[in-house]
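User: Hi, I've just opened this one and could use a hand finding my way around. Can we go through it bit by bit?

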Amino acid sequence: MSTPSFDADVLVVGAGPAGVAAALMATSLNMKVLVVEADSVGGKLQTIGALENVPGTWTTGPQLAEALTADLSRLEQAGRCSLVRSRAVGVKGHSDHAEVLLADGQVLTAQAVVVGTGVTAMTPADTDWISAAPSLSTPPPLWRAQPDQIGPRAYVLGGDRPLGTWLRAHPQFSATLNVLAPSTDDYKLAEVSGDDRVRVVPVSHVAVSHARHGADFIVEVENRGGERSTYVATSVLSNLGNRPAALEGLAVDESGYCPPEMQHPRILIAGDLRSSRFQRITTAQGSGAEAALAYYYSAALQQV
């Protein structure tokens, strides 16, 4: 299926679970593949402490990330795939090919592109319910914290699902996490409802600032009934969820995600970038493999 004038049959943007699965499937179908990734293979897997819903006896994210790295290395050694260490910033589909624009200005071409850039962590500036001092614009994420780094009065901004993952990864943690949660997070907190290490504080607005003296923080909370309270925190952590990391040129819906059916026929979307509903490792892997197969069969039909 290779076309000499193109850099590859399939360009895969992102080397997370979705991208690696796409590369594996495409190379198994004798397609030439380039994988574009600026950061580490496996992406956020490197920071996931516990895996409970991924087949294969994997118990931590770094274990699975190491296996994905080995998969790509094996494909490279066999001459079936190349890893391009660069950041993709744009994508474009044409009638006979697709393009990926890199941050350094280089343009890579292929018959199709699988985009698996996933999501990126939200910051207080991405919300309408948090006011934070400039020095707190990017508070440390909960999922990177170690238990001994969390003080006795820890406040967590947001009730996104990594909260449950973090608690399961650190069963020895015995302090209380005060979780400041807007109404949009209520359904996500169901999985930690029985964990006595979590105190949920329903909020409508939160303001965070540094205390005038010492290393503490001042957390001013307005609850959903309009009542206000002020707390002194020893640590403030972020657990706000994610926003889609869409490339320039992709079609996005009202939530910023990139539904596959909205894209150019030569641009295929895989993994968490598709929607907010299926952000799991196994669904990402399946969608990556499916994207490669979808292109393979569509190309085969065009040759009939």
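User: Is Glu222 buried, exposed or partly exposed?
Analyst: This is a predicted model, where local features need pLDDT of at least 70, side-chain atom pairs count only at pLDDT 80 or more, and totals for chains, interfaces and linings use all residues. Residues are numbered from 1 along each chain as its sequence is written, and side-chain values use heavy atoms, with hydrogens and water left out. Buried means under 20% relative accessible area, exposed over 50% and partly exposed in between, using a 1.4 Å probe and protein chains only. Glu222 has a relative accessible area of 25%, so the word for Glu222 is partly exposed.

User: Which residue meets the side chain of Glu222 in a salt bridge?
Analyst: A salt bridge here is a side-chain nitrogen of Lys or Arg within 4 Å of a carboxyl oxygen of Asp or Glu. For Glu222 the N to O distance is 3.6 Å. The partner is exposed, with a relative accessible area of 69%, and its name is Arg228.

User: How many salt bridges are there by this rule?
Analyst: One of them joins Asp216 to Arg153, with the closest N and O atoms 3.5 Å apart. Asp216 sits in the loop between β12 and β13 and Arg153 in the loop between β8 and β9 (154-157), so this pair ties together parts that are 63 residues apart in sequence. Helices (H or I, at least four residues) and strands (E, at least two) are DSSP runs, numbered from the N terminus. By this rule, the count is 11.

User: Which residues are linked with Glu52 in a network of salt bridges?
Analyst: Start with the salt bridge between the side chains of Arg168 and Glu191, at 3.1 Å from N to O. Arg168 lies in helix α3 (residues 162-169) and Glu191 in the loop between β10 (177-181) and β11 (198-202), so the pair ties together parts 23 residues apart in sequence. Arg168 is partly exposed at 37%, and Glu191 is partly exposed at 40%. Linked with Glu52 in the network are Arg168 and Glu191.

User: Which residue in the hairpin of β12 and β13 takes a positive phi?
Analyst: Two strands pair if DSSP finds at least two bridges between them. β12 and strand β13 (residues 217-222) pair in the antiparallel sense over 6 bridges, with Val208 partnered by Val219 in β13. There are 6 residues between the strands of this hairpin, and the one with a positive phi near 85 degrees is Gly214.

User: What is the bridge partner of Ser131 in β12?
Analyst: Strand β8 (residues 130-132) and strand β12 (residues 205-210) run parallel, joined by 3 bridges. In β12, Ser131 is partnered by Ala207.

User: What is the phi of Asn30, roughly?
Analyst: Most residues other than glycine have a negative phi. Asn30 is found in the loop between α1 (17-28) and β2 (33-36), and counts as exposed at 67% relative accessibility. Asn30 isn't a glycine, yet its phi is positive, at about 65 degrees.

User: Where does the side chain of Asn239 reach?
Analyst: Asn239 is in the loop between β15 (235-238) and β16 (242-244), and counts as buried at 3% relative accessibility. Leaving aside neighbours within four places in sequence, its contacts (heavy atoms within 4.5 Å) include Leu142, Val156 and Pro162. At 3.3 Å, its side chain reaches the backbone oxygen of Gly158.

Methods:
A polar contact is a pair of N or O atoms within 3.5 Å; within protein, one must be able to donate a hydrogen and the other to accept it, and residues adjacent in sequence count only if both atoms are side-chain atoms.
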